[in-house]
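This report describes one chain of a predicted model.

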Amino acid sequence: MGITAFNSSAFPRVTPWECFTVEWFSVLAEDKRLLTGLRNSLFIGLGVVCLSVPLGLAGALMLTQVKERVRPWYYTIVISPILVPGVVLGISTLLFWDRVGVMFGASRDSFFYNGFFLTIIGQSTFIAAYTMLVFISRLQRFETVQEEAALDLGATHWQTFKKILLPFLAPAIASASVLAFLASFENYNTTVFTAISTSTITTVLASKVRYGIDPSISALAVVIVVLTLIGAAVHEILKRREIARSKLAAEVAAGNRLSIGKQTPWYFDPALIMIFLIVVAGVGTTFMAGTMGVEECKVAVKTEKQRATQERIKALRERNQAKRDVEAAQQAQEAEQKREEKEGRTGTENFNSIFNTDNLAPAEDAPETTGEPENDPSRTGTENFNSIFSTDNLAPKDDSEQENGEQDKKDEEAPRTGTENFNNIFDTDNLAPKSD
Amino acid sequence: MSADVTLDDVWIRFGDFVAAREANIHIEDGEFFSFLGPSGCGKTTLLRAISGFLTPSQGRVLIGGKDMAGIGPNRRPTALIFQNLALFPLMSVWENIAFALEVKGMSKLERRKRADELLDLIALPGQGDKRVSELSGGQKQRVAIARALAAEPDVLLLDEPLSALDLKLRQHMRTELRAIQQRVGITFVYITHDQGEALTMSDNVAVMREGLIEQVADGSTIYDSPETAFVASFVGENNVFQGKVNRLDQSAAVVETPYGEFCARPIQRNNQDQLRVGDDAMVFVRPEAIENAQSDSANRISGEVLQTEFEGNLWQLHVQLPNGGPRITRSSINDGRATKHQVGDRIELGFSETSAIALPTGQLAAE
């Protein structure tokens, strides 16, 4: 998928490889709908983070406070939005706030009918449950005795929360925020109902897929994947540094070391600098390569394509010519045969007596056609003969409209009379053999 | 500032379970007071009631003469040192120490200054910028004390703070704690299941069993004149003989046991005699009070040497009394002149009338 972003082919594909290009990134940068969707998604994502992280935290704290017997019930209830299909949540949100809006007599412009508001609310209903799970797992490792210690030292409950619990939960808040943002960003089935007229990245992508996509979507994928990888790498580095630090701390505590010493700031970490350089170099060379010589390559590809088309046309023509030659030879042979048999013969036997009166007026076989037996060629008993008596066929023109279904469209260039297939049966030779 | 603590008929119940009952204690201002008892005896419960984390089901807690009912732990003049210390791992050492000042709204500069003073007090100068995880067990211990002292409490409560330390460090910290207490002069209430800690540090000790305070007294009284069978058996080693009171006068009780008649000192409780003639009684003798039988020994026993143990400063001798009687222990100081006994030797032992005590039969501490 990522590779297709660098292929100049107008459809996202790897083969045939045409030209290495970065033009799809500029196409992406100029795609107004996609960018609006992206901006809306970012905005909604932030809104969801702001709403669902505090909600999840409150839910998780509540879980630690409720009585043992109530806990499973409480847990089941708060976790249930995850189990409800997103579509149901989306529709429910829409209907609920519509009802609320009606109750307050709000106009259609009010926030009850605002796509941002509804989407943030709708997504938060289940994303808050995700964040709650993150907080629960972190809270399980919290020593409540620390809260008691803070209280005992004179802190108020709010100070205890702010100075002890929140710092402890900080990593969980960070990961819950990332989780909430990503869950919101990639959500489609709830959003598609709640967004109303607002477009998000997923709804724009969905409509693009329906109406035809180009590799700028791959370019977007590349951007997202690269950003995610960098984020993951930075996170990993910071984690390793933390582990290294606590190991050192243990050594200091055991008396094997005097002090941890000053650690270099995290942004000076060699691995981080390496990643940064690789990314810069990769992006730089890609764009240099993708902008230099692309036009020449494209021209070359175009010429090559045209040449290939010409060759195909030529090959087709040759094939048709060969076919015609064979047909002409057969015709000549048949004419020869006919000439030999012309004594006592009408010359029309080969055509299954199509001029017999039986065939010309089949009234008893097809009563519905009695009105115009002669005028409608398609209804007469001559269908089997591919309407060879229709005026089009009888008066051949060069117009390509005359082609009937059997003809290959590729043969347009070779003008035909439309009667070739009937072996020129109306040639004067065939039509009037009696005079001889 | 320092304050006295009074528990006035405190009961603490958890549903049907009574964690503490009839607790009546007065802890003097500036005293080092210990609660001693096996785990699960309710001593931590009482401490939490003093610090305000638990509300007594009945009775009053008074600190400095003021009833503490309805006053939360953050507004009581107490500071608690938790069993696992509960230092704040995300803060540096000095921030931990200055936490109580921070929540009071003191400026950072002042906080730092006070934290450095306290670091000097606990002999960890210049370690303020370390992380808590960089400290050793004993250092963490001292930081926890400094953090509690920073709050300038009238009463410092300590919940088995030394139990996580190894023996050497524990012994060192005992002395240190006592020294700190004398320096700051505030009331210390100390919880422990280690009688050594309780006896060495405390002015007074309360021995608890199953939620009930059995005896409150200074260390030597607890050791020499335990008022109940439980205290006698829990604090220090004791040899026990069960029997019946035969005769009784002011200073001596004669208890008839299957191993002979023993003359022992009866112990009063709340200034009342506990024994009457004919009662079931127990005679307790400390191992160090048992000697080789002398001609004038008031009480004599004989048995077979089961085992000898050398403990450096002491010789421990385990002697089996005849006819399925109890095993008794004798310990004597290793002065280089101690008689060497062989396993299987018959041995005659004796103890004086004053070194043995007679108490009503009661539950003994679990071995």
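What percentage of the 367 residues of chain B count as buried? In this predicted model, 43% of the residues of chain B are buried. Chain B contains nine helices and 20 strands. Among its contacts with a separation of 6 or more, 66% are between residues 24 or more positions apart.

The contact between the two chains draws on 22 residues from chain B and 24 residues from chain A. On the side of chain B that touches chain A, β6 (78-81) and α3 (99-104) of chain B are the elements giving two or more residues. The largest share, four residues, is from α3(B). The makeup of this side by class is tabulated below.

| Class on the side of chain B that touches chain A | Number |
|---|---|
| Nonpolar | 13 residues |
| Polar | five residues |

Helix α6 of chain B, residues 167-184, has 18 residues and spans 26 Å from its first C-alpha to its last, close to the 26 Å expected at 1.5 Å a residue. Its buried residues are B:Met173, B:Leu177, B:Ile180 and B:Gln181. Viewed down the axis of α6(B), these buried residues fall within an arc of 95 degrees, so they line one face of the helix. The cover over them includes β3 (32-36), α5 (137-150), β8 (187-192) and α7 (195-201) of chain B. On the face of α6(B) turned away from the buried side lie the exposed residues B:Lys168, B:Thr175, B:Ala179, B:Gln182 and B:Arg183. Just after α6(B), B:Gly185 adopts a positive phi of about 70 degrees.

Notes. Residues numbered from 1 in each chain as written. Chains lettered and ligands numbered in written order. Predicted model: local features only at pLDDT ≥ 70, side-chain atom pairs only at ≥ 80, totals over all residues. Buried ≥ 20, exposed ≤ 12 C-beta atoms within 10 Å, placed from the backbone. Contact = placed C-beta atoms within 7 Å. Nonpolar A, V, L, I, M, F, W, Y, C, P; charged D, E, K, R; others polar. Expected span 1.5 Å × (residues − 1). Arc of directions from axis to C-beta.
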